[in-house]
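Please inspect the sequence and the structure before working through the solutions.

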Amino acid sequence: MTPTPIPRPDHRRHVHVDAADPHRRGTARGEQLRAHLPAALDVYDRLFALGGITPARVRDDAERALDAVGEFRPGARAEIEGIARGAGLDPWRLAALNARTEILARSATVPPGECTTLVRRTTAPAGGTGGTGGPAGAVRTFGVQTWDWHVELSAHWHTLESRGGRHTVVGLTEDGILGKIGINSAGLALHFNILGHARDGIGGVPVHVLAAVVLAEAGSVAEAVDLVRAAPLASSGSFALFDRTEATLLDLSPAGVFAVGPDERGLLVRTNHFLTPVPAAEEKTWLYQPDSGERHDFVRARLAGLRPLPGTSEALARCLVTGPGEPPVTCLPDPAEALGRRWASLATVALDPATRTAAVLDGTPADLGTRPWRTLTAA
């Protein structure tokens, strides 16, 4: 493979909305994205077609997903419909974007992306801060991830600042999709990875919508876990949830929601396979393996050799830099591959509950030091 640089816009879009009414928030989003959404929809239309999913099936799936969202959180449905109104599009088109993971689960020819997430929970030792940025005994959490997806969508994401709901939310998402990776004004952070279960499909709340609801409503890890467990799920994903003191990884699946705590060094490592046995029994291993396991083992081995562990988000992000001959944690696209197989690390995102900040690098971890972070504060 000969990797190629990832095309990026000169100025990454930033979408800012501020309204108490979710439909008005959505309309403001749609107005800001009006010129860009048709191109994003075109890419997904081509991916759906590549996966053998007919336009009629896409519309039916999208409308069913929108109904499920409305039953779970009417406000989330109103916000999606508001985006459609602001952009001048039919609501089902925006519902298809928000349910793109669930619709693509029908495909056997378009494999999922490959993100890698690290979260550290640390306590400052007696006699020093231990790199935690606080006094002895202080607990701190912070995390970082690559967001890897189809390079054809490299121009179709933006940073987000959403105000007016229970919590202000900042982070990153795709054009037209309510949420993905971010942090809220209560200091709750969420990293997002895709997983695959044999029973994934339409019928529950799309995982991207659920991520947006968690950040909009939950004020702590405990609240977030309760919210997720109460959601009707028909598809899979992983939320790495952490606030100022607590951290957990969730396996979300049609078989249920299962939690994994930090290891003995306070680390959570996530790639794209289940870490708990119940959902793993019906995992789509043919899509995710051996790649996901190789990346997971590589990162864990790299961290095992570090004394001390990284004490900042940027230092943690450097653990995700890989090169030739190593598992592609830093993911660059192969121009020789066809649509649906050109993977790229479209962004690197660091979240810090102590400062309620999301730092977004429009680049791969290998671009650290050469490209700027955009730091957003959920205050």
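**Exercise 1.** Does R356 count as buried, partly exposed or exposed?

*Solution.* The model is predicted: local features need pLDDT of at least 70, side-chain atom pairs count only at pLDDT 80 or more, and totals for chains, interfaces and linings use all residues. Residues are numbered from 1 along each chain as its sequence is written, and side-chain values use heavy atoms, with hydrogens and water left out.

Step 1. Recall the classes: buried means under 20% relative accessible area, exposed means over 50%, and partly exposed lies in between (1.4 Å probe, protein chains only).
Step 2. Apply them: R356 counts as partly exposed, because its relative accessibility is 33%.
Step 3. Locate the residue: R356 is found in the loop between β12 (343–352) and β13 (357–361). Helices (H or I, at least four residues) and strands (E, at least two) are DSSP runs, numbered from the N terminus.
Step 4. Examine the backbone: R356 has a positive phi of about 55° although it is not a glycine. Most residues other than glycine have a negative phi, and most peptide bonds are trans.

**Exercise 2.** State which residues the cis peptide bond with omega near 10° joins, and locate a further cis bond.

*Solution.* Step 1. The bond from Q289 to P290 is cis, with omega near 10°. P290 lies in the loop between α10 (285–288) and α11 (291–304).
Step 1. R307 and P308 are also joined by a cis peptide bond, whose omega is about -5°. P308 belongs to the loop between α11 and α12 (313–318).

**Exercise 3.** Describe helix α1: its span, its cap and its buried residues.

*Solution.* Step 1. Helix α1 comprises residues 22–33, 12 residues in total. The expected span of a helix is 1.5 Å times one less than its number of residues. From its first C-alpha to its last, α1 reaches 16 Å, close to the 16 Å expected.
Step 2. The buried residues of α1 are P22, R25, G26, T27, R29, G30 and L33. Their cover includes β1 (14–18), α2 (37–50), α4 (74–87), β4 (157–163) and β5.

**Exercise 4.** Why does E174 count as buried, and which residues does E174 touch?

*Solution.* Step 1. E174 is found in strand β5 (residues 169–174).
Step 1. E174 is buried because its relative accessible area is 2%.
Step 2. A contact requires heavy atoms within 4.5 Å. Not counting residues up to four places away in sequence, E174 touches Y44, R100, W147, W149, L153, H156, W157, H158, K180 and H208.

**Exercise 5.** Characterise R93 by its accessibility and its contacts.

*Solution.* Step 1. R93 is found in helix α5 (residues 91–98). At 17% relative accessibility, R93 counts as buried.
Step 1. Residues up to four places away in sequence are left out, and R93 then touches L41 and D45.
Step 2. The side chain of R93 makes a polar contact with the side chain of D45, at 2.9 Å. A polar contact is a pair of N or O atoms within 3.5 Å; within protein, one must be able to donate a hydrogen and the other to accept it, and residues adjacent in sequence count only if both atoms are side-chain atoms.

**Exercise 6.** Which element gives the most to the lining of the second largest pocket?

*Solution.* Step 1. On a 1 Å grid over the protein atoms alone, a pocket is an open set of points with protein on both sides within 12 Å along at least five of seven lines, and lining residues have an atom within 4 Å of a point.
Step 1. The second largest pocket is lined by 25 residues, of which R25, E79, A212, V213 and A216 lie nearest its centre.
Step 2. At least two lining residues come from each of α1, α4, β4, β5, β6 (181–184) and α7 (207–217). The most, five residues, come from α7.

Conventions. 1 Å grid on protein atoms, 1.4 Å probe; cavity = no way out; pocket = protein on both sides within 12 Å on 5 of 7 lines; lining within 4 Å.
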